[in-house]
Amino acid sequence: MWLSVRFAVRRLAVCGSSVVMLLLLLVQFCALTLLSVLSPALARRIMLRLGERSTMSLNPRFRYEDWAPSFTTPRFLEAVLRGCWSCFGDSAFVGHRAPDCPLITLEGGRTSVHQFIRGNRPLLVRDFGDVADFLVIYIAEAHATDGWAFANNVDINQHRSLQERLTAAKSLIKENPLCPVVVDEMNDITASRYGALPERLYVLQGGKVIYKGGKGPWGYSPEEVRKVLQKMT
């Protein structure tokens, strides 16, 4: 019973934090939109600081002009609303059973998260292959060309069908992920149950969540996963 109470409390905390995050991002949007008109230099400094926190300004692929203007567009607000709404379904918590959400293989077959858990080995990409198995779950495109888009980014539209999502996911294979790649269903059930939009890292072991990373891009930390796995070696 105590475990059920803790789960309910965490669900309430997730909902509360999602509302707070939504309000903060709305304030940020309004402030940056106003500053971009009244004080472009100040707006740029704030944008660059945000870019450093998310590592966007450190990515040699993108210039400031490629991504910064998008933070004051209606598409940004749409993405924020979708991400916060999705998090209301978050039910993956450390110490609790990991949601066994349905997934689709790149061949179109049906599987689920727990099908990739082998015994007591952690499920998570390149290191620690001797102590853990890794899995990439491709979810809704965070920066689709017809959505909250960055210039000079990959040209992928929002998925209108499962076939379109599978086609987009297959492009990951070209990056040699060295682990299985599967996709979320079109109802985005896995992204919702794991609070994963736009990206998130987890470590599952024995059917339970033993590590839950922060939401990307600011909370996305492979180094934290490395520390968890180092304790298992």
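The following questions and answers set values from a predicted model against the definitions behind the terms.

Residues are numbered from 1 along each chain as its sequence is written, and side-chain values use heavy atoms, with hydrogens and water left out. In this predicted model, local features need pLDDT of at least 70 and side-chain atom pairs count only at pLDDT 80 or more, while totals for chains, interfaces and linings use all residues.

User: What makes aspartate 90 and arginine 200 a salt bridge?

Analyst: A salt bridge is a side-chain nitrogen of Lys or Arg within 4 Å of a carboxyl oxygen of Asp or Glu. The N to O distance between arginine 200 and aspartate 90 is 3.6 Å, so the pair meets that definition. Lysine 212 also meets aspartate 90 in a salt bridge, at 2.8 Å.

User: Why is aspartate 90 called buried?

Analyst: Buried means under 20% relative accessible area, exposed over 50%, and partly exposed in between (1.4 Å probe, protein chains only). Aspartate 90 has 3% relative accessibility, so it counts as buried.

User: How do you know whether arginine 110 and glutamate 185 are buried or exposed?

Analyst: Arginine 110 has 63% relative accessibility and therefore counts as exposed. Glutamate 185, with a relative accessible area of 17%, is buried. The two side chains meet in a salt bridge with an N to O distance of 2.6 Å. Through salt bridges that share partners, Asp90, Arg200 and Lys212 are joined into one network. The whole structure has 11 salt bridges.

User: Why is leucine 26 called partly exposed?

Analyst: Leucine 26 has 30% relative accessibility, so it counts as partly exposed. Leucine 26 belongs to helix α1, residues 2–38. Helices (H or I, at least four residues) and strands (E, at least two) are DSSP runs, numbered from the N terminus.

User: What makes β1 and β2 a pair?

Analyst: Two strands pair if DSSP finds at least two bridges between them. Strand β1 (residues 102–105) and β2 have 3 bridges, in the antiparallel sense, so they pair by that rule. Isoleucine 104 faces arginine 110 of β2. β1 is also joined to β4 by 3 bridges, and these strands run antiparallel. Here leucine 103 stands opposite aspartate 184 in β4.

User: Why do β2 and β3 stand at the edges?

Analyst: The 4 strands form an open sheet of mixed pairing, in the order β2-β1-β4-β3. β2 (110–112) and β3 (136–138) each have a single partner strand, so one side of each is left without a neighbour in the sheet.
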